[in-house]
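Keep the view open as you read.

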Amino acid sequence: MKFSNETYGIRDLFHVNCPETCVTRILTDLSSLDRDFVPAVHDYWYSDTLKDVLNYLADPRGDVLYISGGSGNGKTSLIVETAARLNWPCISISAGRDMKPEDLIGSYCQDRDGVVFTEGPLLTAARRGYIFVLNSVDQVSPDVVSVLRDAAEQQMINICNATEVIRVNRMFRLVVTGSACDVENGYSTGGADCINPQLMELCRICRAGQPGRRELQTILGIKFPKLNTAEIGVLSSASLKFIESFRGSEGKEELARLVNYRMVLRWAGLYLQCRSSEQPYRRSLDRALLFRFPASVRDEWYRILNAVIAEIGACGPVRG
């Protein structure tokens, strides 16, 4: 497995607006096993942080890439979809407070043939040169951080208390995701979003922020070509109005965080299913998100939605 000699235009490969001189390389000479780990390409992928990711993948320099952002804003998708376009095998798993080093590296166990070693996902990725994504990393234990540090800085993984040492493949890349750097004044050092300082020392950081107008309209147009311009306008503008109205309001910040790429895509897909029914925007928004709230909370979302429909409805045929 190696980088191709030929370069490919980032504009064509990723369908993003950038100079034609921006190029990258893909991976070639993959074995059949490696190809099984290459993700599928989804046409609706979109990200403004692509440059940060490509720079890291091209030359990690012993760093870990930390992608920070709220839930549902495409942190994992950013890496997985990039890997798909570069033909780069990728393994993605979620961490947790109870994760142990063996969950990443593997362990010896007894079976009918005797004692055998079952390889963990990090070890597989490190040996074979894959991209490894560890999600929800903010509260992993110091023991897990030590494993990540060895893999990134020392380019090695110790198995079973260093009884065996595996050297890391030069194509291996280590990416972690979380929300600790998605705060106003730097990363959080306590509470639900705390992160081990020793892990942060290893990381270069990029952010996957909440949706913007251009990003939303682009991804909705690609993912749902049956939506007309006015419908895309309502879905994107209402989503942004939700964020704007709730952000900064006392006790409503959590409502603003609920509006993310995942939620908007779910809403758009349900809207197409409800398109011929009465009040399809409201009906689909209920099912995408609002049925979890009491009527008093839903009414506030409806007022914002109705104002957007009234404003954009003058520009074209939109069902209310």
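**Salt bridges and backbone angles**

Arg11 and Glu20 join their side chains in a salt bridge, 3.6 Å from N to O. This is a predicted model. The structure holds 12 salt bridges. Side chains of opposite charge can pair when their charged atoms come close.

**The Arg11 pair**
- Arg11 is partly exposed, at 32% relative accessible area.
- Glu20 is exposed, because its relative accessibility is 64% and the cut-off for exposed is over 50%.

- Arg149, Glu153 and Glu201 are linked in a network of salt bridges.
- Glu153 pairs with Arg149, with the closest N and O atoms 3.0 Å apart.
- These two, Glu153 and Arg149, sit 4 residues apart in helix 7, so about one helical turn separates them.
- Arg149 also forms a salt bridge with Glu201, with closest N and O atoms 3.6 Å apart.
- Arg149 is in helix 7 and Glu201 is in the loop between helix 8 (197-200) and strand 13 (203-207), so this pair ties together parts 52 residues apart in sequence.
- Glu153 is partly exposed at 41%, Arg149 is partly exposed at 21%, and Glu201 is exposed at 61% relative accessibility.

**Positive phi angles**
- Most residues other than glycine have a negative phi.
- Asp29 is not a glycine, yet has a positive phi of about 60 degrees.
- Asp29 lies in the loop between strand 4 (27-28) and helix 2 (32-35), and is exposed at 53% relative accessible area.
- Ser136 is not a glycine either, and has a positive phi of about 55 degrees.
- Ser136 lies in the loop between strand 9 (131-135) and helix 7 (142-154), and is partly exposed at 47% relative accessibility.

Notes
Residues are numbered from 1 along each chain as its sequence is written. This is a predicted model: local features need pLDDT of at least 70, side-chain atom pairs count only at pLDDT 80 or more; totals for chains, interfaces and linings use all residues. Side-chain values use heavy atoms; hydrogens and water are left out. Buried means under 20% relative accessible area, exposed over 50%, partly exposed in between (1.4 Å probe, protein chains only). A salt bridge is a side-chain nitrogen of Lys or Arg within 4 Å of a carboxyl oxygen of Asp or Glu.
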